[in-house]
Amino acid sequence: QCISRQCKVLCISHLNQIAAFADRHFLVAKRFENGRTFSSVRILDTDEQGREHARQMAGRAGNEDVIRAAENLREQHRS
């Protein structure tokens with residue numbers, strides 16, 4: 001039986017092949033300002049998830065082919 005059916009699972013990954021299995025995605029960002037480090041976390045909506053997967057695959061999410069490939073990867077793991 002799948003552990004995620006019984007418990008909440010938090011997985012931190014830079015691999016789209018792993019992230020594609022997730023039901024919810026969070027974006028963790030870090031910025032430096034005046035010698036200090038600030039971190040933030042926010043939930044991504046469906047469109048943002050696709051763009052973030054594409055950014056991880058190609059470095060930037062401007063290419064429609066990469067965005068489509070990222071969406072296909074996510075759809076494969078939804079069934």
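The structure holds two salt bridges. The model is a predicted one.

| Salt bridge | Distance, N to O |
|---|---|
| Arg31 and Glu33 | 2.9 Å |
| Arg42 and Glu48 | 2.9 Å |

The partners can be described by their accessibility. Arg31 has a relative accessibility of 45% and counts as partly exposed.

Glu48 lies in helix H2. Leaving aside neighbours within four places in sequence, Glu48 is in contact with Arg42 and Ile43.

H2 covers residues 46–58 and H3 covers residues 64–76. Their axes come within 8 Å and cross at roughly 110°. Angles of 65 to 115 degrees count as roughly perpendicular, so H2 is roughly perpendicular to H3. The crossing of the two helices is right-handed.

Which residues in H2 and H3 meet? On the H2 side they are Thr46, Gln49, Gly50, His53, Ala54, Met57 and Ala58. On the H3 side they are Val66, Ile67, Ala69, Ala70 and Arg74. By class, this contact has seven nonpolar, four polar and one charged residues.

Technical notes: Residues numbered from 1 in each chain as written. Predicted model: local features only at pLDDT ≥ 70, side-chain atom pairs only at ≥ 80, totals over all residues. Heavy atoms only, no water. Axes fitted to C-alpha atoms, helices over the stretch in contact; angles between N-to-C directions. Helix = DSSP H or I, 4+ residues; strand = E, 2+ residues; numbered from the N terminus. Parallel < 35°, antiparallel > 145°, perpendicular 65-115°, else oblique. Left-handed = near helix turned anticlockwise from the far one by under 90°. Contact = heavy atoms within 4.5 Å. Nonpolar A, V, L, I, M, F, W, Y, C, P; charged D, E, K, R; others polar. Salt bridge = Lys/Arg side-chain N within 4 Å of Asp/Glu carboxyl O. Buried < 20%, exposed > 50% of the residue type's maximum accessible area, 1.4 Å probe, protein only.
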